[in-house]
Amino acid sequence: MDILFITSVAAVVADPPLSRKLFIDALGLPLEGEGDGYYSSGSVPGSKHFGLWPLSQAAEACFGTAQWPVGRVVPQASIEFEVANAEAVTAAGAELQRAGFELVHQARTEPWGQTVARLITADGLIVGISYAPSLHGLQDGRHPG
């Protein structure tokens, strides 16, 4: 697998208002809300995308339910690594499975155009292999207008 760069890093937060108080109010990070509890920015130096990801949204993205499954380690963070294209996400997921890692979901395209496959480490880190067209100068996989 050929990782191009770190796509995003997000703190997975159980208490979004408390986390906003730390990351936005105290640390002064330029995070903006998206109306659903997710706060993020592409303007934090050294990061293409930094976010505060509510645990309920992480559960929905990984398992299709707003509740984190009982018996699974609760994640504290998420990191996604970028590959060259959507097909490379599928290939990377298969490579991880052959290496003995269990994916929480295969490669799939999210409504905003990003293709991602995810696993969760024993330590509670959500790891994604991603292709986000917007980070390659494309929108939804198409060249800009």
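This is a predicted model: local features need pLDDT of at least 70, side-chain atom pairs count only at pLDDT 80 or more; totals for chains, interfaces and linings use all residues.

Student: Which side chains make polar contacts with the side chain of Ser-130?

Tutor: There's Gln-114, whose side chain is in polar contact with that of Ser-130 at 2.7 Å. Glu-82 also makes a side-chain polar contact with Ser-130, at 3.3 Å. Beyond four places in sequence, the residues in contact with Ser-130 include Thr-7, Phe-81, Val-89 and Val-116.

Student: Now the sheet. How do strands of a sheet pair in general?

Tutor: They pair through backbone hydrogen bonds, either parallel or antiparallel. In this model, eight strands make an open sheet with mixed pairing, and the order is 2-3-4-1-5-8-7-6.

Student: Which strands stand at the edges?

Tutor: Strand 2 (32–33) and strand 6 (103–109) do; each has a single partner strand, so one side of each has no neighbour in the sheet.

Student: Can you walk me through some of the pairs?

Tutor: Take strand 1 (5–13). Strand 1 runs antiparallel to strand 5 (residues 77–82), with six bridges between them; Ala-10 has Ser-78 as its bridge partner in strand 5. Strand 1 also pairs with strand 4, this time in the parallel sense, over five bridges. There, Val-13 is found opposite Pro-54 of strand 4.

Student: What about strand 7 and strand 8: how many bridges join them?

Tutor: Six bridges, with strand 7 (residues 115–120) and strand 8 (residues 125–131) running antiparallel. One place to look is Thr-115, whose bridge partner in strand 8 is Tyr-131.

Student: Which residues of helix 1 are buried?

Tutor: For a helix, look down its axis and see where the buried positions point. In helix 1 (residues 16–26), Pro-16, Ser-19 and Phe-23 are buried. They fall within an arc of 65° when seen down the axis, so they line one face of helix 1. That buried set packs against strand 1 and strand 4.

Student: And which exposed residues sit on the face turned away from the buried side of helix 1?

Tutor: Leu-18, Lys-21, Asp-25 and Ala-26.

Student: Where does helix 2 lie?

Tutor: Helix 2 (residues 55–63) lies across strands 1, 4, 6, 7 and 8, and runs at about 85° to strand 4. Its buried residues are Leu-55, Gln-57, Ala-58, Ala-59, Ala-61 and Cys-62, and these pack against strand 1, strand 4, strand 6, strand 7 and strand 8. Gly-64 follows helix 2, again with a positive phi, near 75°.

Student: How many residues are in the largest nonpolar core?

Tutor: It has 13, and those with the most contacts inside it are Val-12, Trp-53, Ala-58, Cys-62, Trp-68, Ile-120 and Ile-126. Strand 1 and helix 2 each supply at least two residues of this core. The largest share, five residues, comes from helix 2. A second, separate core has eleven residues, among them Ile-79, Val-83, Leu-119 and Val-127.

Student: What does Val-12 contact?

Tutor: Leaving out neighbours within four places in sequence, its contacts include Trp-53, Ala-58 and Ile-126, which are also listed with Val-12 among the core residues with the most contacts.

Methods. Residues are numbered from 1 along each chain as its sequence is written. Side-chain values use heavy atoms; hydrogens and water are left out. Two strands pair if DSSP finds at least two bridges between them. Helices (H or I, at least four residues) and strands (E, at least two) are DSSP runs, numbered from the N terminus. Contact means heavy atoms within 4.5 Å. Axes are lines fitted to C-alpha atoms, for helices over the stretch in contact, and angles run from 0 to 180 degrees between N-to-C directions. Buried means under 20% relative accessible area, exposed over 50%, partly exposed in between (1.4 Å probe, protein chains only). The arc is that of the directions from the helix axis to the C-beta atoms. A polar contact is a pair of N or O atoms within 3.5 Å; within protein, one must be able to donate a hydrogen and the other to accept it, and residues adjacent in sequence count only if both atoms are side-chain atoms. A nonpolar core is a set of buried Ala, Val, Leu, Ile, Met, Phe, Trp, Tyr and Cys residues joined through side-chain atoms within 4.5 Å.
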